[in-house]
Amino acid sequence: MPDEKWGEVPKAFVTLKEGRQLTAADLLAHCRAQLAHFKCPKAVEFGPLPKTSTGKVQKFVLRDAAWAGRDKRIH
């Protein structure tokens, strides 16, 4: 997702299995315990993921939604 200081920062897109519950705070706490600080997501979004007919996640759709309304995309 866009960031003023770094250009881009990680964002987690999460789809939970039926009957499972997870909060954004729990996920971020787990990531901070297991990953380097700069690799941890700054935001979490819960919901279904866009997929191709073969079941692969369409990451470009997620990126396009995050960068909508911006003049320039930084990678």
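User: How many salt bridges does the structure hold, and what counts as one?

Analyst: A salt bridge is a side-chain nitrogen of Lys or Arg within 4 Å of a carboxyl oxygen of Asp or Glu. The structure holds 2 of them. This is a predicted model, where local features need pLDDT of at least 70 and side-chain atom pairs count only at pLDDT 80 or more, while totals for chains, interfaces and linings use all residues. Residues are numbered from 1 along each chain as its sequence is written, and side-chain values use heavy atoms, without hydrogens and water.

User: Which residue forms a salt bridge with Lys11?

Analyst: That is Glu45, with the closest N and O atoms 2.9 Å apart. Lys11 sits in strand β3 (residues 11-14) and Glu45 in strand β4 (residues 43-46), so the pair links distant parts of the chain, 34 residues apart. Helices (H or I, at least four residues) and strands (E, at least two) are DSSP runs, numbered from the N terminus.

User: And where does the pair of Glu4 and Arg70 lie?

Analyst: These two side chains meet at 3.4 Å, N to O. Glu4 is in the loop between β1 (2-3) and β2 (7-8), and Arg70 is in the segment after α2 (59-67), 66 residues away.

User: Is Glu4 buried or exposed?

Analyst: Buried means under 20% relative accessible area, exposed over 50%, partly exposed in between (1.4 Å probe, protein chains only). Glu4 is exposed at 71%, while Arg70 is partly exposed at 41%.

User: What is the mean pLDDT of the protein?

Analyst: pLDDT is the predictor's confidence in each residue, from 0 to 100. The mean here is 91, and 97% of residues reach 70 or more.
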